[in-house]
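Thanks, everyone. Let me put the model up, and then I'll walk through a few spots.

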Amino acid sequence: MEKIKKSHIVMVSGMLLGIAFLFYLLKLLLWRDAALILATVVAGYPIVKKAVQAVRMRAFSIELLVIIAVVGALIIGEYVESAAVTFLFLFGAYLETRTLEKTRNSLKTLMDMVPLEATVLQGGRKVILPIENIVKGDRILIQSGEKIAVDGKVVEGQGFINQATITGESVPANKKRGDTVFGGTILDNGYLEVEAEKVGDDTAFAKIIELVEEAQEAKAKTQRFLERFANVYTPGILVLSVIVFLFTQNIELTLTFLVIACPGALVISAPVSLVAGIGNGAKAGTLVKGGEVMENLAKMDVVVFDKTGTLTKGKPEVTGVKGFGMKEDQLIKLAAEVEARSEHHLGRTIVKEAKNRDMALTNQPFNFAVKKGQGITATLDKKHVVIGNRKLLENNGTRVNNDAYSFAIQEEKYGNTVIFVGVNNQLAGIISIADQIRREARETIEHLRALGIKQTIMLTGDNKHSAKKVADQLGIDRVFAEMLPEDKVAQIKQLKAEGKRVAMVGDGINDAPAIALADVGIAMGAVGTDAAMETADVVLMGDNLAKIPYTYRLAKATVRNLKQNMFFAVGTVGLLLAGVLFGKVFLASGMLIHELSVLIVILNAIRLVRFGKRNKKRIWPINGKLAKA
C-alpha cells in the first residue's frame with residue numbers, strides 16, 4: 001500500500017511540474033507559480049510526515065533538512081527550486097524503495113515456492129489438505145510438477161527433484177526409497193510417497209525463510225555507524241548553514257547548502273549493498289545471518305573444520321569386526337542394542353550394520369549414559385556394557401591388552417575409527433568404522449588458500465591416526481585429534497587470543513559451542529543438527545563445502561561494494577558543497593546531481609545480485625591443474 005501511494009505521489013507531482021513548465025512556456029506566470037506550489041505540497045507531504053515522525057522520536061532526519069530548505073525557498077519565492085527539490089527527493093526515495101525490494105526478490109521467490117496444500121493418503125483414500133493440517137507421520141503423495149510440502153523420507157516411488165530452493169544446486173537430484181526430501185522443492189518427474197517427519201515451521205524450507213528475513217533485517221556495524229552518524233550530521237549541517245548565512249547574508253546560497261548537504265546516498269550505501277549480498281547468498285543455497293556476519297566473514301584468515309559430517313560425508317560404514325572372546329554377530333547385536341538409544345552417528349552406523357545383517361534388536365538397555373567425546377555405558381540383559389574409546393573402557397575397569405591395542409592402532413592407520421566394546425570389565429571386541437571424504441573437500445581447502453586464507457585446521461574427537469590420514473589427504477595445515485567439545489572451544493579461544501579471525505565449520509551438537517565462539521560459525525544445513533544451525537552465523541543448505549569459498553568471495557565483494565558506495569557518496573557531497581560555496585552549483589541542479597548519486601549507489605549495489613553468474617567460468621590452479629570455482 002505504501003509503495004502504491006508513493007508511486008502515485010511521484011506521478012502526480014511530476015505531472016504538476018510538467019503543467020508548470022507548460023504554463024511557463026505560455027507565459028502564464030500566476031498559474032505556473034500555483035502549479036509549482038501545488039507540486040511542492042503534493043511531493044512534500046510524505047517528506048514532512050517522515051520528518052515529523054523523526055522529531056517525535058527525538059531524531060534529526062535528512063527529511064528535516066529538506067523541509068527546512070523547501071519552506072525557505074517558498075518564503076523567498078523560489079517556487080521552481082522548492083518543487084524540483086521535493087520531487088527529486090521523493091523520486092530518489094521511491095527508486096531506493098523499489099531497488100531494495102528488487103534485491104529482496106530471493107525471499108519473495110522462496111515465499112512463492114511455499115505449497116498451500118498437499119495430497120495425503122488417509123485410510124486408502126486420497127485427501128487434499130491445507131499444509132497447516134498436515135501432521136507428522138502423514139503419507140504425502142507427490143506427482144510430477146508438484147511442490148513438496150513437508151520434510152520426510154521417501155517410502156514409495158522414485159523421481160528427480162529440483163532442490164535449488166534448499167541447496168542452490170540447479171541439477172535435479174534422483175530420490176528413491178529411504179532418501180530424504182525437503183519441503184519447498186519440486187518433483188520434476190516421477191512419483192513419490194513421502195512420510196512426513198517435519199511439518200509447518202519445522203521444515204528446512206520454513207527455517208530458510210525465517211533466517212533470510214532475520215538476516216535482511218540484521219544490521220552491520222557500518223550500517224549502525226551510518227545511522228548514528230546521520231543523527232549527529234543533521235544538526236551539524238543546520239549549525240553550518242547558519243554560519244554560512246551569517247558570513248554571506250545570502251539566503252538562497254544558505255538554502256542550497258542545506259539541501260545539498262543531505263547525505264542520502266551515504267545513508268543507503270550500506271543497507272542496499274548488504275541486502276543485495278545476502279539475497280545472492282540465499283539464492284546460491286548459503287544463508288548469511290545479517291550484515292555484521294558478512295563483514296566478519298570478509299575478514300576471516302583461519303578456517304577450522306570438524307571432521308566427521310563436515311570434511312567427510314557423515315555416512316560411515318562398518319569396515320571390520322573383531323571379537324575377543326565373542327563371535328562377530330554377537331558383538332554387533334549387543335553393540336547395536338545399546339546404541340539404538342544413541343544419537344551419535346557412529347552409534348547409528350552400528351545399528352544400521354545390525355539391520356543389514358537382519359538382526360532383531362529385542363533387548364532394551366537400562367542405566368544408559370552418554371560420556372561426551374568418549375562413548376556410552378549401559379546395562380543390557382544384566383550385563384554392564386561399555387562402548388567407546390580406549391580411555392572410556394579403562395576408566396570403567398576394562399583393560400585393553402597389547403594384542404587388541406596393536407590391532408586397533410593398525411586399523412587406525414588404515415583410516416578407520418576404532419570402537420572398543422567391553423562387557424563386565426572384559427574386552428569383548430573391536431568394531432572398525434570408516435567414513436568417506438567429501439569429493440569437494442580438497443578443492444575447497446585449495447580454493448580458500450588461493451583466496452588468501454592463511455591457515456586451515458581440523459579439530460576432531462577421532463583418533464590421531466585417522467585424523468592425520470584425512471588431514472594429509474586434504475592438505476590441511478594443522479590437526480588436533482581426540483578432542484572433547486570443551487577442547488574445541490579452548491582451541492578456538494587460543495586462536496582468537498593470537499589475533500586470528502576464525503571461522504568454525506561443523507555439523508553436530510558437539511560443534512555448537514565452538515561454532516558459537518568463533519568469529520564466524522558455519523553449519524552444514526542438510527545433515528547438521530538444529531543446535532548447530534541455530535548457533536551458526538552461516539548455514540550451508542546443500543552441505544556443499546564448495547559454497548564456503550563462494551560465500552567468502554561474496555562477503556569480500558559485498559564489503560568492497562559497500563565501501564565504494566560510501567566513498568562515492570561522501571565525495572559527491574563534498575564536491576557539491578564546494579560548488580555551492582563557490583557559486584557553481586545551484587539548488588535544483590545540485591539536487592539533481594544529488595539524486596543521480598543516489599541512483600548510482602543503487603545501481604552499483606545491484607551488481608551484487610548477479611555476483612557469481614559472471615564468475616561461473618573462473619578457474620583456480622590446484623596442484624598444477626585447473627578446477628572450476
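Start with Glu482, which counts as exposed at 53% relative accessibility. For the cut-offs, exposed means over 50% relative accessible area, buried means under 20%, and partly exposed is in between, with a 1.4 Å probe and protein chains only. Glu482 has a positive phi of about 55 degrees, although it is not a glycine. Where does Glu482 lie? It sits in the loop between strand E17 (478–480) and helix H19 (485–497). Helices (H or I, at least four residues) and strands (E, at least two) are DSSP runs, numbered from the N terminus.

Before going on, the ground rules. This is a predicted model, where local features need pLDDT of at least 70, side-chain atom pairs count only at pLDDT 80 or more, and totals for chains, interfaces and linings use all residues. Residues are numbered from 1 along each chain as its sequence is written, and side-chain values use heavy atoms, with hydrogens and water left out.

Asn367 also has a positive phi, near 50 degrees, and is a residue other than glycine. Asn367 is found in strand E11. Is Asn367 buried or exposed? At 63% relative accessibility, Asn367 counts as exposed.

Asn367 leads us to Thr377. Thr377 has its place in strand E12 (residues 375–380). Thr377 is buried, with a relative accessible area of 7%. What does Thr377 touch? Leaving out residues up to four places away in sequence, its contacts are Asn367, Phe368, Ala369, Lys371, His384, Val385, Val386 and Asn396. Contact here means heavy atoms within 4.5 Å.

Now the whole chain. The protein chain comes to 23 helices and 22 strands. Of its 629 residues, 52% count as buried. Take the contacts with a separation of 6 or more: residues 24 or more positions apart account for 66% of them. The protein chain exposes about 30000 Å², and carbon and sulfur atoms supply 57% of that. Those accessible areas come from the Shrake-Rupley method with a 1.4 Å probe; for residues, only the protein chains shown count as cover.

Next, a helix pair. Two packed helices are described by the angle between their axes and the distance between the axes. Helix H9 (residues 251–260) and helix H22 (residues 547–581) pack at an angle of about 180 degrees, their axes 10 Å apart. H9 and H22 are therefore roughly antiparallel to each other. Axes are lines fitted to C-alpha atoms, for helices over the stretch in contact, and angles run from 0 to 180 degrees between N-to-C directions. Angles over 145 degrees count as roughly antiparallel, under 35 as roughly parallel, 65 to 115 as roughly perpendicular, and the rest as oblique.

Which residues make the contact? From H9 they are Leu253, Thr256, Phe257 and Ile260; from H22, Val573, Leu576, Leu577, Val580 and Leu581. Eight are nonpolar, one is polar and none is charged. Nonpolar covers Ala, Val, Leu, Ile, Met, Phe, Trp, Tyr, Cys and Pro; charged covers Asp, Glu, Lys and Arg; the others, Gly among them, are polar.

On to charge pairs. Side chains of opposite charge can pair when their charged atoms come close. How many salt bridges does the structure hold? There are 13 salt bridges. A salt bridge is a side-chain nitrogen of Lys or Arg within 4 Å of a carboxyl oxygen of Asp or Glu.

One of them joins the side chains of Asp329 and Arg357, at 2.8 Å, N to O. This pair links distant parts of the chain, 28 residues apart. Asp329 is in helix H13 (residues 328–339), while Arg357 is in the loop between helix H14 (345–356) and strand E11 (366–371). Asp329 is partly exposed at 45% relative accessibility. Arg357 is partly exposed too, at 30%.

Glu446 forms a salt bridge with Arg449, the closest N and O atoms being 3.8 Å apart. Both residues lie in helix H17 (residues 441–450), three residues apart, about one turn of the helix. Glu446 is buried at 14%, whereas Arg449 is partly exposed at 31%. A network of salt bridges links Arg442, Glu446, Arg449 and Asp477.

The side chains of Lys500 and Glu498 meet at 3.3 Å, N to O. Lys500 is partly exposed at 25%, and so is Glu498 at 41%.
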